[in-house]
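Here are my notes for a colleague who is starting out with structures of this kind. Please read them with the sequence and the 3D view side by side.

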Amino acid sequence: MYNFQMQFRRKLPAWLLPSIGGLIVLAVWIGLGLLSEEAPEASTPEEGGASLLAYLSPSDNTAEVQAMDFGIGQVVQLTDSAGVTFFAVDPAGEYLIISIRNDQNGADLWRADLLSGASQPLHECGPSTCESPRISPDGAWLVFQRSTPGVAYIPEIWLLNLESGEAERVSDSARPSRDPAWAGSEALGYYEPDLSAFVLVDLDGDPIAEFANESGGAASWAADGASLIASEQSVVNTSILRGPSGEAAFDTPEPGSQSAVEVLSSQLLQYSLDGGSQPLLDYSDPLVEDALPVLSPDGRWLAFTRKYLDEESWTPGRQLWLLNMESGDLVQLTNSPNHQVIAIAWSPDGQQLAYVRANQVEFQNPLELWITNLDGSASQLIAVDSYAPAWMP
């Protein structure tokens with residue numbers, strides 16, 4: 001029999017220690033015969049890159065954290081629970097923070113130690129849903145979003161001390177706040193819909209800066225907290241003319257009765273701490289939809305998604321693009337018009353990208369997890385029906 005366990009043990013011997021009464025079972029499923037037939041073969045596309053890529057699968061509310069080990073080209077399952085909704089990887093690769101549904105229709109936060117195999121509850125949330133955990137770069141803090149169902153549904157941003165386990169709200173209790181992210185280890189950002197702005201606060205919740213943004217989509221904070229990149233939508237009039245709608249559409253339009261077609265464009269803006277902003281790219285031709293910006297760990301590159309909105313170049317899905325933040329050079333990494341990239345994750349060394357794509361024509365097709373090098377080479381399909389990628393150092 002193929003001795004997968006011994007090869008895996010040489011890479012991460014502590015991972016094979018069993019969980020003692022814990023929620024997490026760090027087990028090699030190949031040895032159980034559950035993944036051996038369908039596990040995709042994969043190899044690390046670039047020497048020196050991270051050797052493990054974690055993700056959630058399947059997408060039917062029974063997701064577990066799984067990981068592709070590129071050293072041996074096989075999948076291992078890292079959790080065995082009632083369904084993981086979110087997870088975060090410790091910057092040192094020693095543990096996971098996972099959000100798991102509880103019996104009160106909420107979701108609690110758990111810590112799964114990858115070195116000892118033990119797991120323990122980190123923050124019990126009762127009927128509230130604790131989600132979107134993000135560990136600070138120095139590993140000392142955890143920020144997360146806590147939402148309680150009810151008439152006054154107000155998602156909040158909470159901060160938890162990973163040493164003491166104490167947690168407290170840092171966002172304004174009167175306003176919804178969502179999508180927490182770290183801007184260095186001493187500041188965190190999130191979006192406030194009522195203000196139509198991203199806000200940056202210190203660890204006490206005191207404001208540092210505010211960035212006006214109507215869209216409130218995905219954003220990427222610089223590692224030093226000095227700037228923010230986010231997409232902003234605007235209405236653009238095209239040269240395409242349309243006639244009347246409804247029953248009148250069957251009539252021949254009167255001269256001058258046609259109006260210009262409007263499209264919703266999306267552009268990337270870079271915000272500074274003084275609240276000012278400027279377009280990140282040349283948008284003299286605004287018929288593009290740029291979104292989902294993600295800065296590389298060293299800030300030299302920006303991955304984002306783009307599709308063109310003009311008649312000749314329009315596609316159903318947004319493709320993966322790469323911007324050199326120093327030179328301004330642009331590279332298109334994917335070219336699958338019917339697919340839309342919906343998630344992007346940088347490897348810790350900034351040499352590889354993982355991304356999830358969704359078919360925009362055949363909606364019944366499952367999500368696909370891919371990886372690629374920065375020049376678009378060595379693209380590989382890693383897993384299907386998988387999402388939320390995160391590299392493990």
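1. T305 stands opposite L320, a residue of strand β22. Strand β22 covers residues 319-324, and it runs antiparallel to β21, to which it is joined by six bridges. Two strands count as paired if DSSP finds at least two bridges between them, and strands themselves are DSSP runs (E, at least two residues), numbered from the N terminus.

2. Before going further, please note that this is a predicted model, in which local features need pLDDT of at least 70 and side-chain atom pairs count only at pLDDT 80 or more, while totals for chains, interfaces and linings use all residues. Residues are numbered from 1 along each chain as its sequence is written, and side-chain values use heavy atoms, with hydrogens and water left out.

3. On β20 (residues 288-295), six bridges likewise join the strand to β21, and the two run antiparallel; here E289 has K307 of β21 as its bridge partner. The two strands form a hairpin with five residues between them, and in the turn G299 has a positive phi of about 75°.

4. Why is strand β21 largely enclosed by the rest of the structure? Of its eight residues (301-308), seven are buried, where buried means under 20% relative accessible area, with a 1.4 Å probe and protein chains only.

5. A search of the whole structure finds one disulfide, that is, a pair of cysteine sulfur atoms within 2.5 Å. C125 and C130 form this link, with their sulfur atoms 2.0 Å apart, and the angle of -110° about the S-S bond makes it left-handed. C125 is buried at a relative accessible area of 2%, and C130 is buried at 0%.

How values were computed
Buried < 20%, exposed > 50% of the residue type's maximum accessible area, 1.4 Å probe, protein only. Helix = DSSP H or I, 4+ residues; strand = E, 2+ residues; numbered from the N terminus.
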